[in-house]
Amino acid sequence: MTTEPAALINSDAVAKALADITAIEDPVAREKAARQLQDALTEAIAGPLTEAKGVRQQAVLELRETLTLAKVATLLDLSVGRVDQLAKGK
């Protein structure tokens, strides 16, 4: 992987935005600003989150072609139940 996933999120910018919002004195304006930030964050990650879920499912299904649930679980450091869920797209 060329880019670490954590590097894709500018946590300093998010923290600054939250600090700025927290400092808003008017509770109505503060709530609206917080809602806008929440909506922007949700929109920014919704697509990539769904896509990453699909990538995980495909990887598990590929492993399941030749390995048991238990062996896949061991390789991925997950429970057998979680591997089964991933294979089913949950």
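A crossing counts as left-handed when the near helix is turned anticlockwise from the far one by less than a right angle, and as right-handed when it is turned clockwise.

**View 1. Helix α2 passes helix α4 in a left-handed crossing.** This is a predicted model, where local features need pLDDT of at least 70, side-chain atom pairs count only at pLDDT 80 or more, and totals for chains, interfaces and linings use all residues. Residues are numbered from 1 along each chain as its sequence is written, and side-chain values use heavy atoms, with hydrogens and water left out. Helices here are DSSP runs (H or I, at least four residues), numbered from the N terminus. The two in this view are α2, residues 27–64, and α4, residues 80–87, whose axes come within 8 Å and cross at roughly 110°. That makes α2 roughly perpendicular to α4 (65 to 115 degrees; under 35 is roughly parallel, over 145 roughly antiparallel, and the rest oblique). The axes are lines fitted to C-alpha atoms over the stretch in contact, and angles run from 0 to 180 degrees between N-to-C directions.

**View 2. Who touches whom between α2 and α4.** On the α2 side we have Arg56, Gln57, Val60 and Leu61, and they meet Arg82, Val83, Leu86 and Ala87 of α4; contact means heavy atoms within 4.5 Å. Sorted by class, this contact has five nonpolar, one polar and two charged residues. For the sorting, Ala, Val, Leu, Ile, Met, Phe, Trp, Tyr, Cys and Pro go in as nonpolar, Asp, Glu, Lys and Arg as charged, and the others, Gly among them, as polar.

**View 3. Helix α1 packs on α2.** Here α1 (residues 11–22) and α2 sit with their axes 9 Å apart, at an angle of about 160°. The pair is therefore roughly antiparallel, and α1 passes α2 in a left-handed crossing. From α1 come Val14, Ala17, Leu18, Ile21 and Thr22, and from α2 come Arg30, Ala33, Ala34, Leu37 and Leu41. That contact divides into eight nonpolar residues, one polar and one charged.

**View 4. Three salt bridges turn up in the model.** The rule is a side-chain nitrogen of Lys or Arg within 4 Å of a carboxyl oxygen of Asp or Glu. In α1, Lys16 and Asp20 are four residues apart, about one turn of the helix, and their closest N and O atoms are 3.0 Å apart. Lys16 is exposed at 51% relative accessible area, while Asp20, at 40%, is partly exposed; the cut-offs are under 20% for buried, over 50% for exposed and in between for partly exposed (1.4 Å probe, protein chains only). In α2, Arg35 and Glu31 repeat the spacing of four residues, about one turn, with an N to O distance of 2.7 Å. Both ends are partly exposed, Arg35 at 42% and Glu31 at 40%. Lys88 and Asp84 also make a salt bridge, at 3.1 Å from N to O. Lys88 is exposed at 53%, and Asp84 is partly exposed at 26%.

**View 5. Asp77 has a positive phi.** Most residues other than glycine have a negative phi. In Asp77, phi is near 60°. Look for this residue in the loop between α3 (69–76) and α4, where Asp77 is exposed with a relative accessible area of 72%.
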